[in-house]
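Biologist: Before we look at the model together, could you show me how to read its features one by one?

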Amino acid sequence: MTATSPKLPTGPRFLRRMVVLHSWMSVPAVGIVLGCLLALLSLTSEQWHWFATLSVSYGLAVTPVTMWFQRRMTRPIMTWLDTGEDPRAAFASLTSLGYRAGAMGGISWVVPVALVSAGMAVRYATWGWFETGIMLLGGLSAGVVVGSILGYRIKIVTAEVREALCAALPDPAERAALMRPFSVRSKLLTTSSLVTLVPVVFAVMMAQSESSNSLSDFALHWQDVLLSQLPDGSTMEAATA
């Protein structure tokens with residue numbers, strides 16, 4: 001196949017594929033962040049409303065920037081698909097696209113939860129380090145999932161374009177010189193470390209949340225017991241006088 005082959009997408013269509021893939025990956029990421037909040041925090045309806053407002057505002061503000069980054073990452077590939085020019089630049093861009101898109105997908109979930117958490121801390125005096133840590137945990141978890149799946153999924157989606165570029169650059173040595181080295185060992189080490197770290201931190205946060213709830217329930221229980229033993233018509237001030 002060549003750049004003009006009808007089996008290959010056009011440049012704009014290739015970009016749309018990348019945008020759609022990134023968009024679909026937002027669904028599990030949102031579920032992970034919300035799951036962490038629901039499991040570890042007890043937010044009021046007002047706090048949920050403020051959280052949603054901050055999240056939507058961030059999304060609207062950052063979408064044009066994200067689109068610009070995606071277009072910039074795929075520009076050499078789009079140029080080759082539309083004109084057949086500079087297959088070397090297209091091949092170099094394509095072979096590193098999965099790594100860059102995965103890193104971008106991961107960072108794009110850690111940064112917003114940090115900013116939203118900062119906004120919640122400004123709005124609510126009771127929002128402390130524990131709540132911020134849970135938000136960051138959710139963002140890190142979403143980033144690990146999105147970054148890992150996105151990086152591997154892009155390799156599958158772009159397989160036909162990669163094969164066409166290999167045909168346009170038949171020299172293996174030339175292709176090897178254009179590739180960004182990232183060994184399987186490094187991929188496995190990075191992914192497995194993050195996948196192991198996130199559940200451990202989640203378990204620590206869950207234990208902290210449950211212990212705080214248990215202590216609060218214990219104190220409220222004994223408060224109810226003591227109040228029930230007061231004589232009728234008496235007050236707490238009178239009982240402690």
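Modeller: In helix α7, which spans residues 159–168, Val161, Ala164 and Leu165 are buried, where buried means under 20% relative accessible area, exposed over 50% and partly exposed in between, with a 1.4 Å probe and protein chains only. Seen down the axis of α7, these buried residues fall within an arc of 100°, so they line one face of the helix; the arc is that of the directions from the helix axis to the C-beta atoms. Helices here are DSSP runs (H or I, at least four residues), numbered from the N terminus. This is a predicted model, in which local features need pLDDT of at least 70 and side-chain atom pairs count only at pLDDT 80 or more, while totals for chains, interfaces and linings use all residues. Residues are numbered from 1 along each chain as its sequence is written, and side-chain values use heavy atoms, leaving out hydrogens and water.

Biologist: Which helices do the buried residues of α7 pack against?

Modeller: They pack against α1 (11–24), α3 (45–83) and α4 (87–95), contact being heavy atoms within 4.5 Å.

Biologist: How many aromatic pairs does the structure hold?

Modeller: A pair of aromatic rings is described by the distance of the centres and the angle of the planes. The structure holds two such pairs, counted when ring centres of Phe, Tyr or Trp (its six-membered ring) lie within 6.5 Å, with planes under 30 degrees apart stacked, over 60 edge-to-face and the rest tilted. Trp48 and Phe51 are edge-to-face, 5.8 Å centre to centre with 85° between the planes. Phe51 is buried at 9% relative accessible area, whereas Trp48 is partly exposed at 25%.

Notes
Helix = DSSP H or I, 4+ residues; strand = E, 2+ residues; numbered from the N terminus.
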